[in-house]
Amino acid sequence: MVHLGAAAAVAIFSVSAVLGQSSSQAGNGASGGTTCGAGSKCPSNLPCCSQYGACGVGAYCLGGCDPQFSNTLDSCVPAPICNSEDYKLTSLDGITPNTQYLGDAKQANWVSSGTPLQAPDNDSIILTLSEDGASGSGTLLASTHYVWYGKVTAKLKTGRGAGVVSAFILLSDVKDEIDFEFVGADLQTAQSNFYFQGITNYNQEKNLTVSNGDTFNDWHTYEIDWQPEQLTWSVDGTIQRTLTKSSTFNKTDNQYHYPQTPARVELSLWPAGLEKNGAGTVAWAGGLIDWTAQDPKTNGYYYAMFQDVNVQCYSAPSGANVSGTNSYIYTDTNGVNSSIAVTNDDTILKSLLGTGTDMNKDYPNAKPSGTSSAAAAQSTVPSVPGLTGAGPGTDGTRGGGSTGNSGSGPGSSAGSAAGPASTGVGGFSQGGQKGGSSGASKSEVLMRGPMFGALVAFIGMLMM
């Protein structure tokens, strides 16, 4: 996550948290939520540590659930195994809001937060970033299937403007990360970076050149070829960066600081240029966002467009613990290759009250039809994590201070967020929005400690 970034890419979980958190469950968080990180595991009643460093159930136990700081290793739900597929992003089919996804990767290809839109000419999905409302923290798509080594290619047009960041990254549950990030103030550059277990090292960032037009007006193809011993970043078919695992050996902890655990593909548009973000983050992003600029003035939002994501899965690394074909699990908290097992374990919760150790838990008096937003709204535990104003992943800020935002509040039902139609740049107009929700949030700084390093300023959480 390039500084704040890559994971930042996911930058946007402007989630509509379906559940409120009761004061009786208040924990370590400044806003009353129970936090998790180095030296602090989640309690048994809120066993799952989300990628944003907060404890809960339901979606906290699905994508992004960190086994290192969850109550037990099996608190997190097993992760759906890699699936080789060419995902054509030409409609909202296959995209499910994070308030509805229960872990069945056969029913959804992507989990969304914020406001994804379908382009009128049906050639792409539009990720939006608005000053407030459902996409006030941007928009994120995270793959339901994980990748444990593979070649992942994305065809996209970035957003533009100071403070506006687009991203295409791979992010694992223990914060291994491989990034492409695009700062909207520089339309000729793709930033590449990698992280091991969330340990920030900005010296690892490298700028790659985008030729033949620019990143906003022209379609370009970006590729991450991730193998057990080597990693490459390519732009439009040309390799521009190569990293070998052998070059990442750290003599201090005698480990290879190389991404090596199953990761989700994340596509995002997020607001780095907000006053509440760290000064270093704002500077890196080219300054504060101008909400009177052409794109938000014309459309009501900034936007990035994603047309296609191709995933080619590689075989599990040599010596891997393979006893099935359905899911990945962690067998210890070391967070390295040898910690992963490939199993036939189930990946699906019955409701957003479930956890990895109680996957059939349902809402009291639930109807046979299963999960509903109304039922979730009546729960007293946090079940859908989110963040606002910063990027997820390794680092919530790029130095110069940090202000991740998070909060909790009364639960509310989640669904599509309706918005006024407006003519957009390039001819598209804002139509039906999927997976969005809005609500107030409270500021809170969350910290996460890497396995062997100092605490890293993390992202905040938004829970409706």
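This is a predicted model: local features need pLDDT of at least 70, side-chain atom pairs count only at pLDDT 80 or more; totals for chains, interfaces and linings use all residues.
Q: In which sense do β3 and β23 pair, parallel or antiparallel?

A: They pair in the antiparallel sense, over two bridges, with β23 covering residues 327-330. To find one of the contacts, look at A79: its bridge partner in β23 is Y328.

Q: Now the disulfides. How many disulfides does the count come to?

A: First the general idea: a disulfide is a covalent bond between the sulfur atoms of two cysteines. Here the count comes to five disulfides. With the bonded cysteines of the protein numbered in sequence order, they pair as 1-4, 2-5, 3-6, 7-8, 9-10.

Q: Could we take one of them? Which cysteine forms a disulfide with C48?

A: C48 is joined to C61, and the two sulfur atoms are 2.0 Å apart. C48 belongs to strand β1 (residues 48-49), while C61 sits in the loop between β2 (55-56) and β3, 13 residues apart. The angle about the S-S bond is 95°, and this link is right-handed.

Q: Is C48 buried or exposed?

A: C48 is buried, because its relative accessible area is 0%, and the cut-off for buried is under 20%.

Q: What is the handedness of the link between C65 and C76, right-handed or left-handed?

A: That one is left-handed, with -75° about the S-S bond. The S to S distance for C65 and C76 is 2.0 Å. C65 counts as buried at 1% relative accessibility, and C76 is buried at 12%.

Q: How many residues apart in sequence are C82 and C313?

A: They are 231 residues apart: C82 lies in the loop between β3 and β4 (85-88), and C313 in strand β21 (residues 302-313), so the pair ties those parts together. Their sulfur atoms are joined at 2.0 Å. The torsion about the S-S bond is about -90°, so this disulfide is left-handed. C82 is buried, with a relative accessible area of 15%.

Definitions and conventions. Residues are numbered from 1 along each chain as its sequence is written. Side-chain values use heavy atoms; hydrogens and water are left out. Two strands pair if DSSP finds at least two bridges between them. Helices (H or I, at least four residues) and strands (E, at least two) are DSSP runs, numbered from the N terminus. A disulfide is a pair of cysteine sulfur atoms within 2.5 Å. Buried means under 20% relative accessible area, exposed over 50%, partly exposed in between (1.4 Å probe, protein chains only).
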